[in-house]
Amino acid sequence: MATIEAAVPDQGRGASTYAGGVWSWITTVDHKRIGILYFVSGLVFFLVGGVEAMLMRLQLAAPGNTLLDPATYNQLFTMHGLTMILLAVMPIGAGFFNYLVPLQIGARDVAFPRLNALSYWLFLFGALLLNSSFLFGGAPQAGWFAYANLTSSQYSPGHGMDFYILGLALAGTGSIVAALNFIVTILNLRAPGLSLMRVPLFTWMTLVVSFQIILAFPPFTIAIVFLLFDRMFGTLFFEPLGGGDPILWQHLFWIFGHPEVYIVVLPAFGIISEVIPTFSRKPLFGYPVVVYSGVLIGFLGFGVWAHHMFSVGLGPLANSVFAGLTMLIAIPTGVKIFHWIATMWGGAIRFRTAMLFAVGLIVMFTIGGLTGVMHASPPADLQQTDTYFVVAHLHYVLFGGTMLGLFSGMYYWFPKVTGRFLDERLGKAHFWLTFIGINLTFFPMHFAGLHGMPRRTYTYPAGLGFEGYNLTSTVGAGITLLAVLVFLYNLVRSLRSGERAGASPWGGATLEWSTSSPPPVHNFDWTPQVRSRDPLWHDGVELPAAEEEIHMPNPSYWPVVVAAGALTLAAGALIGLPVVLLGVAVMVGGIYGWAFEPIHG
Amino acid sequence: MERTNTGVPNEKMLMWAFIGSECMLFASLIATYLTYRGRSLVGPYPEDLLNIPFITVTTFVLLMSSLTMVLALSAVQRGDARGSRVFLLLTAVLGIIFVGGQAIEFSHFAGEGLGLSRNLFSSTFFLTTGFHGAHVTVGVIWLLSLWVLTMRGRLGPESSVKVEVAGLYWHFVDVVWIVLFTVIYLMSGS
Amino acid sequence: MTSEKALGIESGGVVAAHAHEEPHASNRTYVVIALVLGVLTALEVMVFYVEALAPVLVPILILLSGTKFALVVAFYMHLKFDGNVLRGLFLGPLFIAVAIIVALIALYGYLL
């Protein structure tokens with residue numbers, strides 16, 4: 001194996017000249033800046049969702065507590081789910097996609113930089129619209145999956161559900177646009193020699209997730225359009241009195257909702273598939289199998305939605321088919337877990353914070369995966385549906401799986417993004433507090449659930465044996481909150497005075513480590529020529545002799561104009577027809593301005 | 001043309017990926033239409049209203065617009081300015097006739113007592129065909145914009161990918177109608 | 001890394017432009033396809049009015065409209081002439097879309 005220093009070409013010497021000021025961030029089309037915007041927005045919503053969770057845990061700390069009234073509690077669990085899944089975890093994942101994919105494939109930007117900016121603004125405006133419901137008469141109260149006909153105008157009066165529909169329509173459109181962009185980027189913009197079977201695992205998982213997004217979000221879009229028409233124009237899609245079937249909502253929602261689970265978790269799998277090889281100083285064990293199992297998870301994810309609906313009574317045949325397909329998914333998932341372990345086996349492991357989080361993911365996700373296989377069996381699921389057992393399962397997967405993976409990625413790539421390390425001592429404190437905190441919070445929920453404690457209920461009476469479990473969970477949530485505060489302190493402190501990092505602080509194998517930290521605007525001075533799967537480890541990068549002419553796209557304000565038009569259109573649905581027409585006019589004007597704007601200066 | 005790994009231009013690949021996404025959009029609409037078929041509690045029912053001869057004519061118009069669309073692309077690629085102008089405009093006009101036919105159909109249905117919220121047939125019919133009609137309308141605006149470019153002589157063979165991408169969208173909207181025509185109109189009696 | 005070629009994954013090299021410039025069908029072919037589409041549509045409508053065919057109406061219609069669908073996609077959208085990447089980008093999602101329609105109508109008891 002060649003030494004790392006010898007393998008790293010001297011890239012990124014060109015001056016990093018970003019314009020300053022707020023306007024430069026609003027009009028940016030640079031994938032790295034858009035990545036940072038996604039990351040910061042996602043982190044803010046992570047804190048909002050965390051506060052919502054903390055309030056619920058305080059309410060549940062003691063039986064018969066009166067800190068929150070039932071209506072507020074309903075709003076909090078609805079918004080907690082929506083915020084964490086769609087406004088925190090997905091955007092933080094999108095931040096990683098944006099920042100890293102072009103760097104990992106040796107490109108100067110994504111295929112459509114202005115569309116990329118549009119995706120971000122659509123997400124942000126949708127997220128703000130959804131959260132503004134707190135100010136205008138109350139947030140939605142029907143749960144993140146918003147089962148019909150709880151959501152009809154009769155049972156959800158007020159505008160909460162309308163904000164749900166309109167906010168998620170905007171944010172969802174943003175996700176589809178972003179995913180289309182990444183599909184084209186990954187298939188078309190790879191550096192010479194970087195065949196698909198040499199692409200880093202994180203980029204592979206981005207590709208799989210992008211396909212899932214473009215296929216899973218349209219059914220959800222249709223479902224919320226039906227709901228919008230039911231609420232505003234009296235159609236009968238989910239109205240039993242008119243012959244409509246509320247169960248159809250559940251189908252359409254979970255056709256989106258189950259792939260969404262993998263949309264959320266696969267980026268984390270991609271991240272630790274980068275972190276574990278680097279900190280074990282061994283190439284990923286069985287690379288093609290890990291790739292294929294990721295693709296298989298993505299594909300099978302579309303065939304299992306009705307396992308969320310076993311208690312509906314679809315019949316033994318349907319239940320058996322969906323149970324079988326669901327259990328099948330455990331195989332590629334297990335394959336991945338064994339390949340990560342095999343990568344570490346015999347490696348020169350360095351337990352830096354990023355690696356601790358990665359190993360934490362393996363442990364925690366395995367627990368969440370095991371309870372997942374339990375739910376896959378309809379008779380077991382009937383006992384567990386709507387109890388805290390399910391809450392325990394999904395948090396082991398989403399926090400223990402996804403969030404730990406995202407934290408791992410933050411420690412791993414922070415030096416690349418900022419040129420400074422995150423503090424290791426604080427990082428380890430962050431890890432151990434998180435690890436203890438989430439286990440204290442979520443492990444007792446298994447028992448509370450098996451003893452029959454229902455989810456989405458604002459309180460419980462004393463004497464049923466739930467007190468100890470709930471108090472433990474609340475204490476655990478407090479410790480988790482403390483861990484997040486340590487992390488925020490670490491972020492702020494390391495940004496200002498963290499230890500300086502060079503181009504390749506960990507000795508990673510992939511192309512992003514071949515350019516300076518932070519990378520220049522144009523990423524690479526020369527397009528790298530790749531000759532192996534771990535280009536910086538195995539004599540894999542060659543530099544062309546001739547210098548290249550570099551054209552970077554101009555900043556543009558049209559993406560934010562089009563997104564503002566879409567926001568106006570959505571808000572107009574609540575205000576009145578003139579506002580809708582204004583929104584359409586702004587959007588159409590923005591699209592024409594966009595189409596005739598010269599891209600390169 | 002920019003270098004790409006696959007040899008396919010970025011814009012064209014973007015459109016195909018988008019079409020893949022649109023498959024799921026229309027699949028959700030069609031699945032809903034089919035699951036709610038024959039479940040309306042009150043009339044008017046599909047067999048009372050659907051006018052097969054009328055819709056066959058507009059279906060034929062939309063099919064022929066796909067022919068004029070490929071001829072437009074072929075003209076642009078050959079640098080035939082007159083052909084480009086004629087066929088782009090013709091395609092847009094055929095699209096307008098189709099949407100006009102849909103407007104006539106919708107208002108006829110409304111006149112017969114089939115308001116949007118009348119029954120499950122009206123809910124599913126208006127949203128499914130409405131989504132499709134909205135796609136055709138967007139396509140018409142797109143084609144007219146391209147037509148304006150040809151009138152100003154700004155759409156030569158070097159930018160034929162713009163027409164190719166618009167054409168892919170247009171043909172996809174056409175194949176969706178091939179399915180909807182069969183599912184909604186011709187299978188209405190069974 | 002000889003296994004990469006054996007896996008049949010496309011090379012990462014830049015494909016020369018001519019790979020994309022394969023000849024599309026001629027205008028004459030396009031007109032013939034349009035005639036076929038017109039005839040198939042006429043057939044579909046005829047089948048609809050023949051009462052004797054009512055029991056097999058649905059399979060016949062699926063066959064006829066499926067053929068129309070395939071003709072437009074293959075010739076007018078050039079998928080017959082384009083590479084595997086675009087074919088995969090369309091056929092993969094189409095497969096999932098059709099599977100979901102079939103699954104939903106089966107769940108609602110229209111198939112079994």
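This is a predicted model: local features need pLDDT of at least 70, side-chain atom pairs count only at pLDDT 80 or more; totals for chains, interfaces and linings use all residues.
Chain C holds 4 helices and 0 strands. Of the 112 residues in chain C, 38% are buried.

Domain 1 of chain C covers residues 25-81, and domain 2 of chain C covers residues 83-112. Their contact takes 5 residues from domain 1 of chain C and 5 residues from domain 2 of chain C. The centres of the two domains, taken over C-alpha atoms, are 20 Å apart.

What does the boundary between these domains consist of? The area buried between domain 1 and domain 2 of chain C is about 370 Å², and carbon and sulfur atoms give 73% of that area. On the side of domain 1 of chain C that touches domain 2 of chain C, the residues divide into 4 nonpolar, no polar and 1 charged. The count of salt bridges between the two domains of chain C is 0. There is 1 residue pair in polar contact across this interface, with both residues at pLDDT 80 or more.

The next interface is the one between chains. The size of an interface is often given as the accessible area lost when the parts come together. Between chain C and chain B, the buried area is about 4,200 Å², with 78% of it from carbon and sulfur atoms. The contact takes 46 residues from chain C and 51 residues from chain B.

Specific polar interactions can be counted here too. Between chain C and chain B there is 1 salt bridge. In that kind of pairing, the side chains of K12(B) and D82(C) meet at 3.2 Å, N to O. Polar contacts between chain C and chain B amount to 3 residue pairs, both residues of each pair being at pLDDT 80 or more.

Which elements of chain C give two or more residues to the side that touches chain B? They are α2 (27-49), α3 (57-76) and α4 (84-107) of chain C. The largest share of that side, 12 residues, comes from α4(C). By residue type, the side of chain C that touches chain B divides into 33 nonpolar, 9 polar and 4 charged residues.

Definitions and conventions. Residues are numbered from 1 along each chain as its sequence is written. Chains are lettered from A and ligands numbered from 1 in the order in which they are written. Side-chain values use heavy atoms; hydrogens and water are left out. Domain bounds come from an automatic or database domain assignment. Contact means heavy atoms within 4.5 Å. Buried area is the accessible area (1.4 Å probe) that two parts lose on being put together, summed over both. A salt bridge is a side-chain nitrogen of Lys or Arg within 4 Å of a carboxyl oxygen of Asp or Glu. A polar contact is a pair of N or O atoms within 3.5 Å; within protein, one must be able to donate a hydrogen and the other to accept it, and residues adjacent in sequence count only if both atoms are side-chain atoms. Ala, Val, Leu, Ile, Met, Phe, Trp, Tyr, Cys and Pro count as nonpolar, Asp, Glu, Lys and Arg as charged, and the others, Gly among them, as polar. Buried means under 20% relative accessible area, exposed over 50%, partly exposed in between (1.4 Å probe, protein chains only).
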